[in-house]
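Please read this briefing alongside the sequence and the structure, which are shown just below.

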Amino acid sequence: MQEIMCRDEMQTKKFANNLATILKRGDIIVLSGDLGSGKTKFVEGILTHYGMQNQISSPTFTIVNEYHNDLIDVYHFDLYRLGDIYEFENIGGEEYFEKGLCIFEWGELIEDILPNDYIKITIDRGEDENSRKLTIETYRIKI
Ligand SMILES: Nc1ncnc2c1ncn2[C@@H]1O[C@H](COP(=O)(O)OP(=O)(O)OP(=O)(O)O)[C@@H](O)[C@H]1O
Ligand SMILES: [Mg+2]
């Protein structure tokens with residue numbers, strides 16, 4: 001587990017941008033944190049690494065937004081309105097795991113069915129309005 005303090009939005013995006021340099025197809029990121037904590041900003045940082053930041057929109061009315069270029073296919077989910085894990089399975093959610101880089105806002109909802117290997121990033125508010133604590137955990141084996 002690793003904790004990173006970000007004192008503003010730029011630092012959060014920069015961390016996400018750096019993380020993207022080691023991400024590849026098949027990787028899964030779970031983003032957990034309250035409304036307005038910065039999950040979508042984090043995704044923006046990742047997309048910037050691939051030059052896709054101009055296309056970003058929050059998947060408010062759809063569960064998933066897709067971004068494609070020659071480098072990678074990115075699937076950005078927002079599971080906030082998802083009723084339960086079965087709904088995710090019914091829309092064929094699991095088929096996305098291998099298709100590209102999958103990023104799940106409110107991803108803790110589907111943690112039980114994720115492959116063994118994923119990265120979880122929890123965003124907590126800090127003392128100032130613009131500070132956030134990122135807690136990074138990697139899950140490799142499920143017991
Ligand atoms: N250090 C920070 N990192 C990220 N965002 C920050 C930070 N400080 C302030 N903010 C602000 O917090 C807000 C985060 O919004 P964002 O849409 O990313 O949240 P979210 O977690 O995706 O919310 P939701 O659950 O509604 O999707 C933005 O307005 C952003 O400018
Ligand atoms: Mg969001």
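Helices (H or I, at least four residues) and strands (E, at least two) are DSSP runs, numbered from the N terminus. Read along its sequence, the protein chain follows the pattern β-α-β-α-β-β-α-β-β-β, with three helices and seven strands. This is a predicted model, in which local features need pLDDT of at least 70 and side-chain atom pairs count only at pLDDT 80 or more, while totals for chains, interfaces and linings use all residues. Residues are numbered from 1 along each chain as its sequence is written, and chains are lettered from A and ligands numbered from 1 in the order in which they are written.

**Overall dimensions**
- The C-alpha atoms of the protein chain fill a box of roughly 40 × 35 × 30 Å, taken along the principal axes.

**Around ligand 1**
- Of the 16 residues around ligand 1, those that come nearest are Thr 12, Gly 38, Lys 39, Thr 40 and Asn 130, where a residue is near if its C-beta atom, placed from the backbone, lies within 6 Å of the molecule.
- Helix 1 (9–20) and helix 2 (39–49) are the elements that give two or more residues to this shell, and the largest share, three residues, comes from helix 2.

**Helix 1 against helix 2**
- Helix 1 and helix 2 pack at an angle of about 50°, with their axes 7 Å apart; axes are lines fitted to C-alpha atoms, for helices over the stretch in contact, and angles run from 0 to 180 degrees between N-to-C directions.
- Helix 1 and helix 2 are therefore oblique to each other, since angles under 35 degrees count as roughly parallel, over 145 as roughly antiparallel, 65 to 115 as roughly perpendicular and the rest as oblique.
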